[in-house]
Amino acid sequence: MRRLHSNGYPQPVHTTPEVEQENEQMVEGLKHKITALKSLSIDIGNEVRTQNQMLSDMDNDFDTGSGFLNSTMGRLHRMTKAGHNRYILYLILFSLFVFFIIYILMKFR
């Protein structure tokens, strides 16, 4: 521990046992804080890796769903080009019927 003299240069100060003990306590406190920060940073790193894996899995699932949706839309587009308009009418009527049944079931529950 050094103090600045009036001329700006540090002057050695003789330390007492109390000051040394206080310094040791502060060093121990810093060690505990560093250990806690290290543990926290390791936990954050593990959580980030887990979250990245989950995001990667979700991305793969969405890609798969997108592929299914694109193939279904392609089939629907081919069906509309083929001129089978009554199948589309049946599909629309069936969809309306299903939604009506669901509405009735939800209303009377």
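Glutamate 28 has a relative accessibility of 37%, so it counts as partly exposed (the label for anything between buried, under 20% relative accessible area, and exposed, over 50%, with a 1.4 Å probe and protein chains only). Its partner is lysine 31: the two form a salt bridge, with the closest N and O atoms 3.6 Å apart. The term stands for a side-chain nitrogen of Lys or Arg within 4 Å of a carboxyl oxygen of Asp or Glu. By that rule the count comes to one salt bridge.

Lysine 31 is partly exposed too, at 47%. The pair sits three residues apart in helix H1, so about one helical turn separates them.

## What kind of model this is

This is a predicted model, where local features need pLDDT of at least 70, side-chain atom pairs count only at pLDDT 80 or more, and totals for chains, interfaces and linings use all residues. Numbering starts from 1 along each chain as its sequence is written, and side-chain values use heavy atoms, with hydrogens and water left out.

## Overall layout

From the N terminus on, the elements go β-β-α-α, which makes two strands and two helices. These are DSSP runs numbered from the N terminus: helices are H or I with at least four residues, strands are E with at least two.

How much of the chain counts as buried? Of its 109 residues, 0% do. The chain exposes about 10,400 Å², with carbon and sulfur atoms supplying 64% of that (Shrake-Rupley areas with a 1.4 Å probe; for residues, only the protein chains shown count as cover).

## An acidic patch

Asp57, Asp59, Asp61 and Asp63 form a negative surface patch. Patch members have over 30% relative accessible area and no salt bridge; like charges are joined within 9 Å, nonpolar side chains (Val, Leu, Ile, Met, Phe, Trp, Tyr) within 5 Å. Asp and Glu count as negative, and a charge is placed at CG of Asp or CD of Glu.

Aspartate 57 lies in helix H1, residues 17-82. At 36% relative accessibility, aspartate 57 is partly exposed.

## Helix H2 and the annotated segment

The unreviewed UniProt entry annotates residues 87-106 as "transmembrane region"; such annotations may be inferred rather than shown by experiment. Over residues 87-106 the chain is 100% helix and 0% strand, with the end C-alpha atoms 28 Å apart.

Phenylalanine 97 lies in helix H2, residues 85-107.
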